[in-house]
Amino acid sequence: MALPMQRCWAGLRALTLPWPAAGYHARPRIWGLGGIYKPDPNDPETKPWHKGPQYEAKLYGRHGSASGVKPESLWPSPEQLRAVEEEEKEWCPSLREMQERLEAKDRELARQEKERARLIAANMAKMPKMVEEWRRAKKEAKQKERDEKARKQRLLALAREKFGIQVDFRSAKFQEMVKDLEKEDKKKMKAVKKKQREEERAAMAELLSTVTSGAQPAPPVSDTSG
């Protein structure tokens with residue numbers, strides 16, 4: 001039975017391959033004591049995961065002392081121990097540390113709530129003054145609007161008196177007239193203020209002269225014409 005099968009396989013190999021091929025023969029494994037496979041770390045074809053302390057720890061964990069691995073070589077160095085301790089402190093804090101963090105978080109939330117309540121109370125205390133200022137500003141805005149409306153009506157009346165026709169306040173002619181009237185108003189106000197300052201200076205000079213001379217100031221003259 002075996003001979004016909006071998007002939008069949010040989011015929012298939014001859015049909016599929018143009019040249020004769022030998023079968024794959026893997027390199028024999030290196031077995032240590034007790035049938036433990038240990039790759040040669042100096043062999044360049046040895047895989048990286050078959051080297052280093054991690055693989056040796058795996059062998060020792062699987063086979064124990066029969067693996068030939070020295071357990072003291074698997075112990076971490078002081079630097080590695082410190083790194084592990086720091087990582088545990090960061091990711092695995094103690095119960096007391098977690099309680100302290102929660103207490104600190106609660107204190108911060110309480111402080112923020114207290115500050116928020118204080119700010120609300122301060123704003124509520126300012127509320128009457130703010131409402132009064134808002135009402136005064138609104139009243140001033142309405143008064144300003146009425147004054148502006150009255151000023152436009154006065155200027156329109158002046159324009160009708162000056163030109164004899166009803167002039168649109170949006171026209172260029174009306175705007176030019178407004179500028180001229182504003183200049184005249186400014187001149188008049190300036191003259192009035194100048195006259196008031198001169199009268200105040202004269203009154204102050206008269207008072208100073210009276211005080212220095214020792215004479216009694218003259219009484220105001222009453223108007224008896226009426």
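Guide: Begin with confidence. This is a predicted model. Over residues 221–226, pLDDT stays under 50. For that stretch the model has 0 contacts beyond four places in sequence.

Visitor: What is the mean pLDDT of the chain?

Guide: The mean is 78. Of the residues, 75% reach 70 or more.

Visitor: Which elements have the lowest and the highest mean pLDDT?

Guide: Helix α1, residues 2–16, has the lowest, at 63. Helix α4, residues 95–163, has the highest, at 88.

Visitor: On to the fold. How many helices and strands does the chain have?

Guide: There are 5 helices and 0 strands. From the N terminus on, the order reads α-α-α-α-α.

Visitor: What share of the contacts joins residues at least 24 apart?

Guide: Take the contacts between residues at least 6 apart in sequence. Of these, 14% join residues at least 24 apart.

Visitor: Now burial. What percentage of the residues counts as buried?

Guide: Of the 226 residues, 8% count as buried. The chain exposes about 20900 Å². Carbon and sulfur atoms supply 58% of that area.

Visitor: Which residues form the largest nonpolar core here?

Guide: The largest core has 7 residues: L155, L156, A159, F174, M177, V178 and L181. Helices α4 and α5 (172–213) each supply at least two residues of this core. The largest share, 4 residues, comes from α5.

Visitor: And nonpolar side chains on the surface. Which residues form the nonpolar patch?

Guide: I120, M124, M127, M130, V131 and W134 form it. Together they have about 580 Å² of accessible area.

Visitor: Charges next. What is the idea behind a salt bridge?

Guide: Side chains of opposite charge can pair when their charged atoms come close. In this structure there are 5 salt bridges.

Visitor: Show me one in helix α3. How far apart are N and O in the bridge of E79 and R82?

Guide: The N to O distance is 3.8 Å. Both residues lie in helix α3 (residues 78–91). They are 3 residues apart, about one turn of the helix. R82 is partly exposed, with a relative accessible area of 47%.

Visitor: Now helix α4. Why are R96 and E100 about one helical turn apart?

Guide: Because they are 4 residues apart in helix α4. R96 is partly exposed, at 48% relative accessibility. E100 is partly exposed too, at 40%.

Visitor: Which residue forms a salt bridge with R118?

Guide: E115 does. The closest N and O atoms are 2.6 Å apart. R118 and E115 are 3 residues apart in helix α4, so about one helical turn separates them.

Visitor: How accessible are R118 and E115?

Guide: R118 has a relative accessible area of 47% and is partly exposed. E115 is also partly exposed, with 37%.

Key
Residues numbered from 1 in each chain as written. Predicted model: local features only at pLDDT ≥ 70, side-chain atom pairs only at ≥ 80, totals over all residues. Heavy atoms only, no water. pLDDT = per-residue confidence, 0-100. Contact = heavy atoms within 4.5 Å. Patch = residues over 30% accessible without salt bridge, like charges linked within 9 Å, V, L, I, M, F, W, Y side chains within 5 Å. Areas by Shrake-Rupley, 256 points an atom, 1.4 Å probe, with all protein chains shown as cover. Salt bridge = Lys/Arg side-chain N within 4 Å of Asp/Glu carboxyl O. Buried < 20%, exposed > 50% of the residue type's maximum accessible area, 1.4 Å probe, protein only. Core = buried A, V, L, I, M, F, W, Y, C linked by side-chain atoms within 4.5 Å.
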